[in-house]
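Hello,

Here is the structure I said I would pass on.

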Amino acid sequence: MNKQLNHYWLIIPSVLVSLILYGFYISLAQPQVPYMDTMLFFVQIDQILRGEISWLDVYGSGDHRGIIYPFITFIEWAFWGVDARISTLLTGFVVAAIFYYWLKAFLSAQAQLTIDNKKEMSVVFFICLIAAAIIVSPAGFELWTLDLGFAQLFKNFLIITFLYFLTIKQCWAKNAISSIVFGLVGGFLILFATYGWSYPFLAACLFALICSGFNLGNHWWRAGIVAVLMILAQVVYIYSGHGVFGGDKASSGLSIINLIKSIFFGASTAYIGNETLG
């Protein structure tokens with residue numbers, strides 16, 4: 001009888017490889033000080049502590065709305081003074097946690113993998129190792145060297161965790177309460193954590209919910225609850241850039257035309273930003 005392979009025999013070495021490669025690159029780069037967007041949030045945090053602005057002002061201060069970047073930066077400043085060694089160390093563990101969820105999702109599709117099938121197991125393990133190298137590619141050097149690296153990757157970790165429990169575990173499908181709670185969590189991420197990525201994030205969640213709904217029979221409406229709550233959060237997010245929370249953009253007014261324009265503009269900036277254009 002073929003013995004099922006414990007996926008952790010592939011997950012643990014793959015995660016360790018990603019950590020080793022990350023540590024090697026950081027040892028070469030030797031980041032010492034934060035820069036760019038991180039410095040902007042330092043200024044805003046100083047203004048908040050002085051009482052000159054509020055967290056609500058920070059929420060709507062950029063092209064995309066959110067609070068997790070300045071909040072995580074504030075945590076870094078408050079607890080370890082944005083020490084480069086601590087921030088980059090924690091960033092590596094966040095990357096490893098993201099990779100862990102990717103491996104779990106990938107290997108869940110390899111449910112029939114057995115120890116006896118060494119050829120197939122070797123191919124799957126090779127794919128895991130390639131993914132370990134890709135996830136810490138130097139192409140993401142800005143994330144590894146203190147330009148919001150810890151904050152951005154922690155945001156990515158929240159998104160990946162949500163998608164994992166949405167698609168693989170389907171925790172929202174248990175009952176109506178779990179659907180409501182899950183929808184509220186998704187809405188919270190849209191409003192405060194995903195910034196311009198809220199559009200593709202919502203699209204991915206809706207696609208997963210539609211596919212899952214077909215398998216729920218008479219309980220398809222549970223997927224609908226999650227979808228409606230997340231769509232409502234996206235609408236609030238869009239309108240928050242048109243005067244709901246004040247700011248210079250209030251003059252553009254609230255209209256269906258502006259709403260439609262905002263959807264396309266916001267979706268496009270998720271893939272190409274001012275840095276690319278300028």
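This is a predicted model: local features need pLDDT of at least 70, side-chain atom pairs count only at pLDDT 80 or more; totals for chains, interfaces and linings use all residues.

Nonpolar patch. The most is given by helix H6 (residues 118-135), with 5 residues. Ile134 belongs to helix H6 and counts as exposed because its relative accessibility is 58%, where the cut-off is over 50%.

Aromatic pairs. Searching the whole structure gives 20 aromatic pairs. One of them is Phe99 with Trp102: the ring centres are 6.0 Å apart and the planes are at 20°, so this pair is stacked. Both residues lie in helix H5 (residues 84-108), 3 residues apart, and therefore about one helical turn separates them. Phe99 is buried, at 1% relative accessible area, whereas Trp102 is partly exposed, at 38%.

Phe188 and Phe192 have ring centres 5.0 Å apart and planes at 45°, so that pair is tilted. They sit 4 residues apart in helix H9 (residues 176-192), about one turn of the helix. Phe188 is partly exposed at 48% relative accessibility, and Phe192 is partly exposed with a relative accessible area of 30%.

There is also one aromatic cluster formed by Tyr8, Trp80, Tyr100, Tyr101, Phe150, Phe154, Phe157, Tyr164 and Phe165.

Charges over rings. Arg65 has its charged end over the ring of Tyr237, 4.4 Å from the ring centre. The charged end of Lys155 lies over the ring of Trp197, at 3.8 Å from its centre.

Regards

Technical notes:
Residues are numbered from 1 along each chain as its sequence is written. Side-chain values use heavy atoms; hydrogens and water are left out. Helices (H or I, at least four residues) and strands (E, at least two) are DSSP runs, numbered from the N terminus. Buried means under 20% relative accessible area, exposed over 50%, partly exposed in between (1.4 Å probe, protein chains only). Rings of Phe, Tyr and Trp (its six-membered ring) pair if their centres lie within 6.5 Å; planes under 30 degrees apart count as stacked, over 60 as edge-to-face and the rest as tilted. A charge sits over a ring if NZ of Lys or CZ of Arg is within 6 Å of the ring centre and within 35 degrees of the ring normal.
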